[in-house]
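Let's take a walk through a protein together. Have a look at the picture below, and then we'll go through it piece by piece.

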Amino acid sequence: MTLFVNNLTNIDASIWSPQLGLMGASWHVDVELDGELGEDGMLFDFGEVKPWIKSRLDAGLDHTLLVPAQATGVKVEECLEGLHLSAELPYSFEVRAPRQAFTILPWGEINAERLGAYLSQELSKRPPPRVEAIRVRLREELPDGAIYTYSHGLKHHAGNCQRIAHGHRSHLRIWRDGQRDPELEAHWSRQLDHSYLVDEEDAINPRESGPLKVRYRSAQGQFQLRLPRERCHILPAPTTVEHIAAWLARQIAQASGAHIRVQAFEGIDKGALAQHRGEPSPA
Ligand SMILES: Nc1nc2c(c(=O)[nH]1)N=C([C@H](O)[C@H](O)COP(=O)(O)OP(=O)(O)OP(=O)(O)O)CN2
C-alpha cells in the first residue's frame, strides 16, 4: 500500500551554485510512503506522518546552506567556528559558521530532483513501524507574477533563521496608487534576485569598496560571510520580512513619488504588507 501527503511542509534554504552563486530556495514537500497496513487499517496515521517527517527535515537541511562539495573551486574545511566554506566561481565567496548551518553534499551541483532522492534515502534509513520506503519530492511554487530569491540571516531569531546564509524564493507584489504594477514588480524582483540582504549593524565594512564582510554572534555560535558588494543590499534594520516590505515600499515611493503598497513574501504563503506615500515631484 502507498500513502501520500502532498504539501506536507516547506523547505527554505540557500544553495551555492557554481553558475549563479548564492541563491535562496523554497520548496513544497510532497511524500509517498510504502508499507503494510496495521490492525487499525492504516499504514501510518496522517496525524503522525506530518510531525515525523517535518521534525526530521527541520533538523536536517531546512534553513541550511546547501554546498556541492565537488563543484570546481569549492573548498570545505574545519575551522574555529565549525566549517569554513570558500568558493571562487562564479565569484569569490566565503562563510564561516557552526557545522549545523551547512548541508555538505558530495555532488558537483544541486537541484530539487537530487535533493528529493537524497531525502528519500535518508528518511528511509530509519523508517517508522510498517513503513518500508519513503519517497520525497521537492516542488517549487508555481509563479503567479514576479519572483525573486534572496539569502540572509537573523541573528536575533531563536530558531534556525539565525543562520547567516539561509534563503527563500518569494513572490513580490506592488500596488502603485491602488493599482497592481507588474512592471514595478518585475523591476524590483530583478534588482533583488540572487541577492544577500544584510542588516547594516552586521556589516563590518559597509562604506568601503571591495567585498562586503558580515559578522555576528547568535545563540548557535559565531557567523561570518564575505561576498561581492554588488550582490548585497544593506538595510537599516534586521532583514525580517516586515523590514524588507517597509524598506521596499519606502524606496519605491521615494523613486516614483506615488503611494506604494508592497506585499513581500518570505518563501511560500507568508510575508508582510507595508505602504509608503512618496512626495510628488514639484511642478
Ligand atoms: N514575523 C516574522 N517571523 C519570522 C521571520 C520574519 O521575517 N518575520 N523570519 C523567520 C526566518 O527568516 C525563517 O526563515 C522563516 O522560516 P519558516 O519556514 O517560517 O520557519 P518556521 O519554523 O517558522 O516555519 P515552518 O513551519 O517550519 O515552515 C522566522 N520567523
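How many residues surround the ligand, and which are the closest? There are 15 of them, and the closest are Asn 10, Asp 12, Cys 161, Thr 240 and Val 241. A residue counts as near if its C-beta atom, placed from the backbone, lies within 6 Å of the molecule. Strand 1 and helix 4 (241-256) are the elements that give two or more residues to this shell, and strand 1 has the largest share, with 3 residues.

Before going on, keep in mind that this is a predicted model: local features need pLDDT of at least 70, side-chain atom pairs count only at pLDDT 80 or more, and totals for chains, interfaces and linings use all residues. Residues are numbered from 1 along each chain as its sequence is written.

Val 49, Ile 53 and Leu 57 are its buried residues (buried means 20 or more other C-beta atoms within 10 Å of its own, exposed 12 or fewer, partly exposed in between, with C-beta atoms placed from the backbone). These three cover an arc of only 45° around the axis, which puts them on the same side of helix 1 (the arc is that of the directions from the helix axis to the C-beta atoms). An α-helix has 3.6 residues a turn, so residues three or four places apart point the same way. On the other side of helix 1, you'll find Gly 47, Glu 48, Pro 51 and Ser 55 exposed.

Note on methods:
Helices (H or I, at least four residues) and strands (E, at least two) are DSSP runs, numbered from the N terminus.
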